[in-house]
Structure formats: C-alpha cells, structure tokens
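Visitor: Could you walk me through this one? I would like to start with the ligand and then move on to the packing.

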Amino acid sequence: MAKKLVIIGWGFGGLRTFYNLAWNKNFEITLIDPRKKSSMKPALPEVAFDGKDVEHTRFDLRSVIEWHGARFINEAVSKIDAENNKLSTDKGTEVSYDYLVVAAWAKKDFGAIKGLEENAYSMCDDVHAPKLWEAIKNFKWGKISIGSAKSSWGTRVDIPDWVAPCEGPIGEAMFMTDNLLREKWIRDKAEINVFTPGDIFFEDVWDDARWAVGGLMGQRNISLSMNKVTKEVTDKAVKFEDGTEFESDLTIMIPVYIGQQFLIDSWIGDEKWFLPTDKGMRHLDYKNIFGAGDLNAITMPKLGHLAVMEADIVSAQLRKEVGENVTIPEYKPEVLCIMGMLKNEAAIVYTDVKLGWKTDMVWYGKWQGLTKKMFDLYNIKTNGKMPPKFGEHMFKKAIKAFWAGKK
Ligand SMILES: Cc1cc2nc3c(=O)[nH]c(=O)nc-3n(C[C@H](O)[C@H](O)[C@H](O)COP(=O)(O)OP(=O)(O)OC[C@H]3O[C@@H](n4cnc5c(N)ncnc54)[C@H](O)[C@@H]3O)c2cc1C
C-alpha cells in the first residue's frame with residue numbers, strides 16, 4: 001500500500017521533493033501551503049531594482065499538483081503531533097502521515113529590529129520588493145544604506161558560525177542600485193554605503209571571490225563597513241549596537257531570519273525555531289520527519305541551491321524507506337548562485353572552500369546575465385522545476401574550465 005507523504009511548503013525544497021516523487025506509486029502525496037501562488041525569489045531583485053511586474057515571479061501550482069494525482073491543501077500548518085504522525089492547519093484541517101517533509105520557509109522577522117518594517121525596504125519577498133521599486137525609482141539624491149541584520153542559529157546541529165543568512169541579495173542590491181542611478185545620470189548625487197554584521201562581507205565565500213567583488217565595489221565607489229549590527233532604523237538613519245550610525249535617506253535590508261513558531265509549538269524545533277536534522281536530512285529525534293530548505297537548521301547559507309540538494313537527499317531517503325534500491329547522495333554543501341548586477345550582467349558565484357572543500361570562483365559578464373534570465377524563465381515556465389541534474393553537472397564543469405582559462 002502507498003505510504004502517506006505530506007510535504008509542507010511549495011518553495012524550492014518542497015517542489016523538488018514533490019517532482020522527484022510525484023509519479024512514484026509508493027507514495028500518496030499531500031502538499032500544504034497557505035499561498036495562492038508560489039514565488040520565485042531569485043527573480044525578486046528585478047522587481048525591486050528594475051520594475052519587473054511581480055506577477056511574473058509568481059506561479060499558480062494547484063492544478064499542476066492535482067494533475068499529478070496529489071492533494072493540495074491551501075492552508076498553513078500550525079502544529080505537528082510527531083508522536084502520533086499527524087498535523088493540523090490554521091483552519092483546523094487534520095492530516096495524518098507516514099512520512100513528513102518540512103520545507104516551509106524561515107521567517108523573515110521584519111519586527112525584530114525597531115523601525116525596520118516602517119523605515120527600511122527589502123527585496124526579500126514579493127510583498128516588500130514592489131515597494132522598494134516605488135521608493136528607488138523616485139530617489140533623486142542622498143545616502144543609501146544597504147545591509148543585513150544579524151541572525152543567530154540554534155546549537156543542535158554543527159554549522160558555520162555565520163551571522164548573515166546569505167549576502168548574495170545584498171550584492172545584487174548594491175550593484176543594481178549603482179546601475180540604476182547611473183542610468184538616471186544621478187550616481188554622483190548619491191552615496192552607497194554597504195554594511196555587514198559579520199567580521200567579513202560574504203562570510204560564505206573565500207578570498208578569490210571576495211576580492212573580485214571588493215574590486216568591483218571599489219570601481220563603483222561603494223563603501224563597506226564590517227561588524228555593524230543594526231539596532232534601530234529611523235527615517236533618516238541606521239543605528240548600530242556599537243553606538244555609530246549611518247545617515248540614510250533610503251535603507252535596504254535583509255531582516256533577521258528565524259525559524260517557525262509551529263515547530264516550537266510542536267516541540268520539534270531548536271532554540272531558534274529551526275528543524276534540527278542530520279546530514280541525511282532526517283530529524284534528530286523523529287525518524288519519519290525530514291527537512292529541506294531554509295527552515296532546516298543544517299542549511300547554511302540559506303540558499304535555494306542547497307534546498308534542492310537537500311530535497312534530492314530526502315527523496316532518496318524516502319525511496320529507500322519503501323524498499324527501493326537507491327543510493328543516498330552525500331550532503332556536500334556549496335554556494336552556487338547567479339548574482340544579478342548590471343542591466344544585462346550577472347556574476348556566477350561558485351564556492352565551497354568555507355564549507356570544507358576547494359572551489360572558489362566568481363565570474364561576471366553578459367552571458368552570465370543571460371544564463372540568469374534563462375534559469376529564471378526555465379523555473380517559472382516549468383512550474384518550479386530546476387534544470388536536470390546532468391545540466392547542473394555540465395554547468396559546473398563549464399564554469400571551472402572557463403574560469404581556469406580566465407586565470
Ligand atoms: C532576493 C533573493 C535572491 C535570492 N537568490 C538566490 C539565488 O540566486 N540562488 C539561490 O540558490 N538562492 C537564492 N535565494 C535564496 C532562496 O530563494 C531560498 O534559499 C529558497 O527560496 C529557500 O527555499 P525553501 O524551499 O526553503 O523556501 P521557499 O522557497 O521560501 O518556500 C517555502 C514555502 O513554504 C510555505 N510556508 C511557509 N510557512 C508555511 C506553513 N506554516 N505551512 C505550510 N507552508 C508554509 C511558503 O508559503 C512558501 O511557499 C535568494 C533569496 C532572496 C530573498
């Protein structure tokens with residue numbers, strides 16, 4: 001008899017798990033998500049800094065899920081009863097499961113820092129990104145501050161001690177802002193000041209990549225300050241815990257990341273409300289609960305690329321559970337992302353040195369910009385699918401070959 005598989009969340013981690021197992025007769029799948037449409041977050045900087053219609057980053061998946069023979073519940077999970085293998089939603093629906101995959105997002109806690117929600121802008125979700133576009137398109141002169149709030153993580157799993165979830169969107173924000181101001185011929189009327197709560201900017205990359213980004217920042221007259229932990233944002237300043245402040249006419253921030261209340265209410269989260277799993281993505285205490293994506297405590301940095309990698313491990317684990325002969329992929333975290341920069345340019349960042357391996361490269365240009373556009377389009381047109389594994393493998397090989405050629 002098919003096993004009841006429930007997937008919470010239809011973002012990168014949830015959808016990858018779903019598509020991996022959708023036609024597998026060993027599973028009867030239920031997907032739960034409160035959103036009417038899924039959101040393609042890596043495309044949000046184009047909404048925030050280039051005025052792209054936010055609807056182009058959203059896609060409705062109910063019919064796709066149902067066409068695959070699965071059930072979709074358009075509600076938010078509010079409690080998991082892990083002892084009895086069932087969960088309930090905010091609307092009171094109860095669902096039982098044999099296996100549960102938690103792939104809901106980490107909460108972006110805009111309220112954690114005084115004044116941030118009211119006085120700062122963000123490209124981090126599809127509600128805030130269009131508001132940022134309204135603000136930046138009307139910007140005429142003054143000081144722009146761009147940075148991350150400090151986040152902290154639980155202690156049940158062993159992860160790097162980094163204080164920002166991922167500073168890629170900060171990189172996109174500073175270069176795209178610079179570009180926009182140049183296009184409007186007002187770059188000389190603006191200062192762009194970037195700050196990070198870390199000892200170094202881009203904690204997850206090594207020196208080659210960091211120097212390359214630093215060099216570009218220098219060329220574009222973008223300043224950088226380290227160890228700036230935001231305490232408060234007002235309409236005219238960003239105030240830091242060390243007593244200093246930046247004057248700021250426009251503040252753009254990544255807020256604090258925290259896990260989800262429902263994990264704490266269900267006694268299955270860590271101190272920071274994330275889901276603690278081992279490297280096989282299995283919950284440390286409940287062997288039929290798995291995690292994939294930002295809400296998984298082990299995911300560091302918080303990247304869609306890792307959510308997908310984890311979902312592949314989860315899918316293999318589940319297939320093995322039902323008796324299939326599969327090899328479970330090893331978890332080898334790495335950063336692989338395409339950071340939008342100028343109008344048609346982007347940087348491919350591919351690095352894993354800080355995660356225990358040896359690759360570290362950043363390479364920018366026009367074809368990288370085209371690759372980003374093609375990737376976003378592919379993801380949206382295929383209803384949230386990622387390019388095939390073989391394609392990713394060849395892509396990485398090509399980057400390594402071309403990068404070596406460039407050096
Ligand atoms: C501006 C920006 C640019 C980025 N660029 C890149 C990039 O270039 N490359 C990259 O790898 N990563 C990038 N990221 C990071 C990437 O978007 C995230 O790491 C990724 O979306 C995480 O996937 P996920 O499946 O964990 O969560 P999400 O994709 O956020 O999806 C989670 C889903 O869970 C649902 N959910 C939430 N709460 C509940 C609940 N209680 N019950 C049921 N469902 C729930 C949500 O509605 C949502 O649909 C970027 C992020 C941002 C903000």
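**Ligand, core and helices**

Guide: In this predicted model, 36 residues surround the ligand, and the closest are Gly9, Gly11, Lys41, Gly293 and Gly304.

Visitor: Which helices and strands each supply at least two residues of that shell?

Guide: Helices α1, α2 (44-50), α6 (168-183) and α9 do, and so does strand β21 (335-340), each of them giving at least two residues to the shell around the ligand.

Visitor: And how many of the shell residues are nonpolar, polar or charged?

Guide: The shell around the ligand divides into 22 nonpolar residues, nine polar ones and five charged ones.

Visitor: Back to α1 and α9: at what angle do their axes cross?

Guide: The axes of α1 (residues 12-21) and α9 (residues 304-321) cross at roughly 35 degrees and come within 8 Å, and the crossing in which α1 passes α9 is right-handed.

Visitor: Which residues meet there?

Guide: From α1, Phe12, Gly13, Arg16, Thr17, Asn20 and Leu21 take part, and on the α9 side they meet Gly304, Ala307, Val308, Glu310, Ala311, Asp312, Val314, Ser315 and Leu318. The residues of this contact of α1 with α9 divide into seven nonpolar, five polar and three charged.

Visitor: Changing topic, which residues touch the most other members in the largest nonpolar core?

Guide: That core has 114 residues, of which Leu5, Ile7, Ile8, Val101, Val102 and Val349 touch the most other members. The largest share of this core comes from α9, with eight residues.

Visitor: What does Ile7 touch?

Guide: Setting aside residues up to four places away in sequence, Ile7 touches Gly14, Thr17, Phe18, Ile29, Leu31, Val101 and Ala103.

Visitor: Now Leu87, is that buried or exposed?

Guide: Leu87, which is found in strand β7 (residues 86-89), counts as buried because it has 24 C-beta neighbours inside 10 Å, where 20 or more are needed. Beyond its neighbours within four places in sequence, Leu87 is in contact with Val6, Val77, Lys79, Ile80, Asp81 and Val95.

Visitor: Last one, where is Ile298, and why does it count as buried?

Guide: Ile298 is placed in the loop between β20 (289-291) and α9, and it counts as buried because 22 other C-beta atoms lie within 10 Å.

Visitor: What does Ile298 touch?

Guide: Not counting residues up to four places away in sequence, Ile298 touches Val157, Ile159, Thr277 and Lys279. Ile298 and Arg156 are 142 residues apart in sequence, while in space they are 9.3 Å apart, C-alpha to C-alpha.

How values were computed: Residues numbered from 1 in each chain as written. Predicted model: local features only at pLDDT ≥ 70, side-chain atom pairs only at ≥ 80, totals over all residues. Axes fitted to C-alpha atoms, helices over the stretch in contact; angles between N-to-C directions. Helix = DSSP H or I, 4+ residues; strand = E, 2+ residues; numbered from the N terminus. Left-handed = near helix turned anticlockwise from the far one by under 90°. Contact = placed C-beta atoms within 7 Å. Nonpolar A, V, L, I, M, F, W, Y, C, P; charged D, E, K, R; others polar. Core = buried A, V, L, I, M, F, W, Y, C linked by C-beta atoms within 7 Å. Buried ≥ 20, exposed ≤ 12 C-beta atoms within 10 Å, placed from the backbone. Near = placed C-beta within 6 Å.
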